[in-house]
Amino acid sequence: MRGTPVTTMLPVFRDAGLVVLGHDPMVSDDVIRQHGGEPTSLDKAFAEADAVLVLNDHPDYRTVEIGAMLPGTRIRVVFDSWRILDESAVRAAGVRYAGIGYLPVDPATPRTAVPA
């Protein structure tokens, strides 16, 4: 979990009385537990969570059919730090979407050079 922001976030969540369900295809369940999370499957996380935080850009997360995963859940906010989820599908499910970083570029939008 080299350089992950979750190591500083988990103590704050724990102190606030939150239970953090953790999923990462590259991190063992033991490491998730060591940092204060409860390891879970992606399906179970969506079924039981109130919010979703996407803190890495693993290719598995890029293929999540978010529009199919959200309906019927308690999730009210998705924070996507890599903007890898389909924002319009999240909003269409009535869930607030928050992302940071770059905005995906529409290939149909012409680009203009910015003078130096």
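Colleague: What share of the contacts in the protein chain with a separation of 6 or more comes from residues 24 or more positions apart?

Modeller: Contact means heavy atoms within 4.5 Å. In the protein chain, residues 24 or more positions apart account for 44% of the contacts with a separation of 6 or more. This is a predicted model, in which local features need pLDDT of at least 70 and side-chain atom pairs count only at pLDDT 80 or more, while totals for chains, interfaces and linings use all residues. Residues are numbered from 1 along each chain as its sequence is written, and side-chain values use heavy atoms, with hydrogens and water left out.

Colleague: How many helices and strands does the protein chain have?

Modeller: Helices (H or I, at least four residues) and strands (E, at least two) are DSSP runs, numbered from the N terminus. The protein chain has 6 helices and 5 strands, in the order α-β-α-β-α-β-α-α-β-α-β along the sequence.

Colleague: What percentage of the 116 residues counts as buried, and which residues of helix H1 are buried?

Modeller: Buried means under 20% relative accessible area, exposed over 50%, and partly exposed in between (1.4 Å probe, protein chains only). By that criterion, 27% of the 116 residues are buried. In H1 (residues 6–15), the buried residues are Val 6, Leu 10 and Phe 13. Viewed down the axis of H1, its buried residues fall within an arc of 70°, so they line one face of the helix; the arc is taken from the directions from the helix axis to the C-beta atoms. Strand E3 is part of what covers these buried residues. Thr 8, Val 12 and Asp 15 are exposed on the other side of H1.

Colleague: Which residues have the most contacts inside the largest nonpolar core?

Modeller: A nonpolar core is a set of buried Ala, Val, Leu, Ile, Met, Phe, Trp, Tyr and Cys residues joined through side-chain atoms within 4.5 Å. The largest one has 16 residues, and those with the most contacts inside it are Ile 66, Leu 70, Ile 75, Val 78, Leu 85 and Val 90. Strand E3 (51–54) and helix H6 (87–92) are the elements that give two or more residues to this core. Apart from neighbours within four places in sequence, Ile 75 is in contact with Phe 46, Ala 49, Asp 50, Ala 51, Val 52, Leu 70 and Val 95.

Colleague: Where does Thr 73 lie, and is Thr 73 buried or exposed?

Modeller: Thr 73 lies in the loop between helix H5 (66–69) and strand E4 (77–80). Thr 73 counts as buried because its relative accessibility is 13%. A polar contact is a pair of N or O atoms within 3.5 Å; within protein, one must be able to donate a hydrogen and the other to accept it, and residues adjacent in sequence count only if both atoms are side-chain atoms. A polar side-chain atom of Thr 73 lies 2.7 Å from the backbone oxygen of Leu 70, and one lies 3.3 Å from the backbone nitrogen of Ile 75.
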